[in-house]
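Let's take a walk through this structure together. Have the sequence and the picture side by side, and we will go one step at a time.

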Amino acid sequence: MALFGVIDAWAAQPQGLPPPGIERLTPAVLAAALTDTARKKGIAAPAHPLFDAAADLEAAGQAFEQALHVHTVHAALDYLRVQSESRLVVRGQRGYDSLLQELAAALDGPGGPTLAGTLSRRYPVVMIDEFQDTDPLQYRLFDHMHRAAADGSGLYLIGDPKQAIYQFRGADVFAYLAARNTVPPAQRHTLTTNQRSTGRLVGAVNALFGRHPRPFVLDAPGQEIEFYEVAAAGRREKAPLLVDGESLPACEVWWLPHGGDPVSKERASEQALAATAARVAQLLSLGAAGRARVGEDALAGRHIGILVRTNRQAGQVQATLRRVGVDSVCLREDSVYQSAEAAALERILQAALDPAVSGALRAALATHLLGATAGDIAALDGDEAAWERHVALFQNARRRWLAAGPLPMLLGLMEEAGIIGRLHASPDGARALTNLMHLGELLQAQAASRPGLDAQLRFLHDAIAGVDGVAENQQLRLESDANLVQIVTVHKAKGLEWEIVFLPFVWDENKPRDAPPFEFHDPKDLAFTADLDPSSVHAPLARKEDLAERVRLLYVALTRARQHCALPFGVINQAERGALAWLLYGGEHLSALDEAAARAPWQALAAASDGALVLTDPPTEAQHPVGSAPQVGQARTFAGHIDSRWRVTSYSALAVGAVGADRPDHDAVDAGAVAVVEATNLALPEGSAERAGPLSIARFPRGAAAGTSLHSLFEGIDFPHAHGPALGDAVAQTLARAGYPPLWQPTLERLVADVLDTPLDGQTLRLRDILREQRRDELEFYFPLARIEAATLNRLLEATTLAADAAALRFDAVEGVLKGYIDLVFEHAGRFYLADYKSNWLGQSAADYAPEALRAAMAEHRYDLQYLVYTVALHRYLRLRVPGYDYDRHFGGAYYLFLRGMGPGQGKAGIYFDRPDAALVRALETALCGGA
């Protein structure tokens with residue numbers, strides 16, 4: 001039955017592929033299927049040419065699938081190469097790889113010899129440093145040019161294959177080896193003097209790498225990387241590292257003891273981190289006490305580098321150092337766009353783009369930069385004043401963004417929202433502030449080519465998504481250039497050096513790759529190869545090359561030290577696969593050794609190094625010298641006086657007596673007024689008049705959120721063209737941003753038409769006729785505020801029309817700067833007017849917005865003070881901008897437009913107008929500005 005099933009499956013397979021289950025008919029599977037009882041009875045597996053053919057077919061099928069896999073990968077790579085090049089051409093861009101490939105094609109083409117000769121004559125002598133980081137194509141280009149060179153020319157390749165660690169960037173040490181192999185031995189020159197380190201440290205490194213016959217693993221002909229013992233130049237001995245007058249060992253190995261079983265990687269990490277932090281704290285304490293010195297200088301943080309493999313390890317080291325009171329900085333290669341601050345800034349920009357969008361604003365408040373908790377955000381549903389403050393905060397940010405760009409917007413928001421203090425109080429505050437300022441600078445640099453707010457936000461979104469890759473200017477910056485310990489990845493540390501280097505994770509090795517692709521270099525021609533066969537015979541070769549690179553990483557890490565390095569080791573899980581285990585144990589199973597046998601190679605190495613290397617126990621916090629532990633500083637007592645009267649204030653602050661308010665006035669709200677859509681608005685009876693047509697504007701939601709939406713709507717529309725689809729789109733966007741349902745669309749469209757078409761002066765003055773160039777929206781002003789008291793303003797306001805109905809002002813004396821925002825300033829018939837939109841709900845009918853009702857609302861909220869302050873601000877502005885300005889001739893007056901009550905056929909309902917007397921405006925200006 002099994003045979004017939006296989007045949008049926010074969011019939012259903014695509015042509016050329018073996019049937020599923022064919023392996024069940026192979027001799028090997030049939031033999032394995034025999035039971036022990038059958039074998040004991042001498043029963044053999046069935047044999048037949050069909051079964052042999054099945055085995056051949058299965059092998060052919062596997063070979064076919066492997067070939068198909070390889071073909072698919074090659075086709076995909078070819079497609080990607082063609083597409084990447086063609087898309088660069090379309091965009092008018094060329095990459096470095098493109099330039100190299102084009103030059104290679106030109107050199108291989110008909111004019112290649114002529115081009116090579118021209119290049120070699122132009123550059124007769126070529127010196128390439130760090131050549132171990134080249135790739136085969138780069139080497140081929142220079143080799144081609146060099147062979148065309150005339151006598152007297154030369155190609156000098158300078159590199160150290162022991163430091164080839166950038167394979168992940170495309171560097172290929174085998175290209176260096178191939179170049180080396182073409183050079184006769186007489187033309188190879190080796191540097192034998194170390195200029196960086198002390199003689200004892202050089203001796204320790206010589207002892208470690210010299211104990212293995214092939215320390216850099218590779219041993220195939222032409223692939224060898226030899227280790228030459230070198231001598232120290234003796235420069236570092238002129239400024240020795242001394243602790244209490246004594247030299248430290250050049251290299252300390254901290255042995256992590258184990259109790260029979262290998263130490264887990266987690267436990268080893270804890271011990272290594274604790275030991276490193278303890279020793280760093282100890283040395284810095286001794287340096288602060290003058291007991292540890294580098295030449296004439298006290299040992300300090302800048303003398304110490306801690307090298308790690310990954311950014312995660314860097315974070316662990318920094319957190320551990322912070323717990324023992326040691327400040328540090330991380331030098332990383334990852335992009336600032338991948339930081340938490342980038343994600344938070346994207347939310348903040350989204351909120352600043354349109355503060356009326358409730359969801360975006362709440363998301364911004366929830367970031368760690370603004371620090372609102374879930375409870376804080378939930379509480380905003382019942383706290384209109386708090387919500388209004390947040391909306392105003394982001395409206396201010398939006399204005400700065402429009403006026404000056406993203407960086408000034410960010411700086412202002414950081415100050416106004418207390419971001420700087422909040423981050424300074426957090427453990428990673430310095431890192432976060434550095435990232436935030438870095439992001440602001442990058443966005444500001446992009447603003448010139450992306451003038452729109454949406455375009456700048458899109459750029460940040462794409463950068464976070466990694467659309468354009470990681471450029472050098474995006475790499476994380478040091479959070480401080482102060483005298484601090486530096487934590488650096490080994491790849492980033494190449495070329496750097498410190499007096500003292502710690503390698504806390506030098507033992508940490510990952511499990512070698514046991515699944516394809518297996519990447520290696522063909523022993524015949526050193527060509528880079530990837531084998532996709534899961535059972536590949538090349539897997540050991542790939543693992544050997546991986547180990548070779550890890551040995552080179554170890555060499556680079558150890559040679560970053562000038563005078564002292566320290567590292568932990570022991571019988572640790574998976575450490576036997578690493579570079580140190582290779583050098584000390586030669587591939588022997590470390591986990592099978594007892595404590596004495598595991599320590600023996602290190603002890604032998606210590607003896608061979610003449611004491612330059614020592615094997616010792618890990619340091620602990622108990623090893624701090626008495627009184628040398630880092631001291632917690634105490635803040636000095638401030639004995640000065642800060643005049644709290646000087647500040648930035650506003651009309652709102654003066655009107656309510658809460659000095660310090662600083663936000664656009666987007667409508668007061670009565671205590672208990674509902675700021676969300678009432679249930680009755682959304683559940684009208686079927687067949688009702690309002691259900692059949694537009695809802696009454698009287699039923700539109702009340703409060704600051706609604707006011708903000710209406711202000712935004714009028715600010716965004718072009719008055720003469722606010723009708724038809726243009727108005728419909730503007731209203732739809734306003735409703736969507738505020739989270740109101742679309743059923744309000746007809747209501748707001750009618751509201752806008754009513755407001756724009758109502759004659760404000762009862763005759764010809766309509767907002768509908770005001771062009772964009774005749775108006776300024778949300779005009780922000782500042783002017784100096786002399787010391788002012790409530791009594792002074794109350795006396796001046798006694799002459800106003802609302803004084804008899806308004807409560808007296810009560811606020812503490814204040815001075816500094818008076819700030820505000822005028823909703824609308826416009827020009828008509830040679831005169832300038834200011835207007836303020838009010839969405840206050842005064843009642844259901846037009847009678848509730850009659851002049852007497854408006855007078856009561858104006859007096860209740862002290863809007864008289866508001867428009868008088870606005871009048872002074874506009875008066876001062878026009879005096880600077882209008883030639884021959886005269887208040888009586890040029891100032892038209894102040895309109896307060898109560899939007900819910902206006903209509904073309906309703907006379908002056910919803911319109912409050914005043915034109916303050918010129919003498920009052922001058923007296924108020926003198927009182928506020930002190931005659932300035």
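Helices (H or I, at least four residues) and strands (E, at least two) are DSSP runs, numbered from the N terminus.

Before going on, a word about where this comes from. This is a predicted model, in which local features need pLDDT of at least 70 and side-chain atom pairs count only at pLDDT 80 or more, while totals for chains, interfaces and linings use all residues. Residues are numbered from 1 along each chain as its sequence is written, and side-chain values use heavy atoms, leaving out hydrogens and water.

Now look at the sheet beside the helix. Four strands make an open, antiparallel sheet in the order β6-β5-β8-β9; strands count as paired if DSSP finds at least two bridges between them. At its edges are β6 (246-247) and β9 (297-298), each pairing on one side only. Strand β5 (residues 241-243) is joined to β6 by 2 bridges, and in β6 the bridge partner of L242 is S247.

Helix α10 (residues 265-288) packs on this sheet, touching β5, β8 (292-294) and β9. Contact means heavy atoms within 4.5 Å. The direction of α10 makes about 80° with that of β8; axes are lines fitted to C-alpha atoms, for helices over the stretch in contact, and angles run from 0 to 180 degrees between N-to-C directions.

How many residues of α10 are buried? The number is 18 of 24, so the helix is mostly covered, where buried means under 20% relative accessible area, exposed over 50%, and partly exposed in between (1.4 Å probe, protein chains only). After α10 comes G290, with a positive phi near 80°.

E778, in strand β19 (residues 775-788), has a phi near 50° and is buried, with a relative accessible area of 9%. A829 has a phi of about 55°, but this residue is exposed at 69%, in the loop between β20 (814-828) and β21 (831-838).

Finally, find V817 in strand β20. V817 is buried, with a relative accessible area of 18%. Beyond its neighbours within four places in sequence, V817 is in contact with several residues, including W646, Y782 and L785.
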